Amino acid sequence: MSHSGDQAETLAAAYLERQGLQVVERNYRCRQGEIDLIMREKDTLVFVEVRLRTNAKFGGAAESITQQKQGKILQTARHYLAGQRKLPQCRFDAVLLGGLDDDTIEWLKNAFTE
């Protein structure tokens with residue numbers, strides 16, 4: 001991952017922690033794909049896709065989460081959940097950054113569903 005990608009994930013994690021979420025895992029990887037952040041909000045496990053877009057010319061950050069990318073995230077989440085003793089409530093969020101600062105963060109709860 002690029003240095004700016006790491007910075008974006010760190011910014012997103014810190015932002016979500018200030019909103020009351022707790023980091024469970026960062027960069028969870030399996031054969032199916034990768035999930036940037038897995039967080040907990042009370043009893044809900046939140047799978048977070050972080051997107052950094054400094055150039056809106058090719059569509060914004062939200063448009064970059066394609067159906068194919070969503071499918072990979074869902075498969076990766078299933079893989080992660082298979083290792084859990086108790087199946088928690090789950091949600092898929094996206095954190096969109098227009099740059100590497102807090103001023104441009106957009107948090108989309110329930111960005112997509114299964």
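Colleague: Which residue does arginine 51 form a salt bridge with?

Modeller: Glutamate 49, and the closest N and O atoms are 3.1 Å apart. By salt bridge I mean a side-chain nitrogen of Lys or Arg within 4 Å of a carboxyl oxygen of Asp or Glu. Keep in mind that this is a predicted model, where local features need pLDDT of at least 70, side-chain atom pairs count only at pLDDT 80 or more, and totals for chains, interfaces and linings use all residues. Residues are numbered from 1 along each chain as its sequence is written, and side-chain values use heavy atoms, with hydrogens and water left out.

Colleague: Are arginine 51 and glutamate 49 buried or exposed?

Modeller: Both are buried, meaning under 20% relative accessible area with a 1.4 Å probe, protein chains only (exposed is over 50%, partly exposed in between).

Colleague: OK, how many salt bridges does the structure hold?

Modeller: 5. One of them pairs glutamate 41 with arginine 91, with the closest N and O atoms 2.7 Å apart. That one links distant parts of the chain, 50 residues apart: glutamate 41 sits in strand 2 (residues 33-41) and arginine 91 in strand 4 (residues 89-97). Strands here are DSSP runs of E, at least two residues, numbered from the N terminus.

Colleague: Why does glutamate 41 count as buried?

Modeller: Because its relative accessibility is 16%. Arginine 91 is buried too, at 10%.

Colleague: What else does arginine 91 form a salt bridge with?

Modeller: Aspartate 93, the closest N and O atoms being 2.8 Å apart. Through shared partners, Glu41, Arg91 and Asp93 join into one network.

Definitions and conventions
Helices (H or I, at least four residues) and strands (E, at least two) are DSSP runs, numbered from the N terminus.
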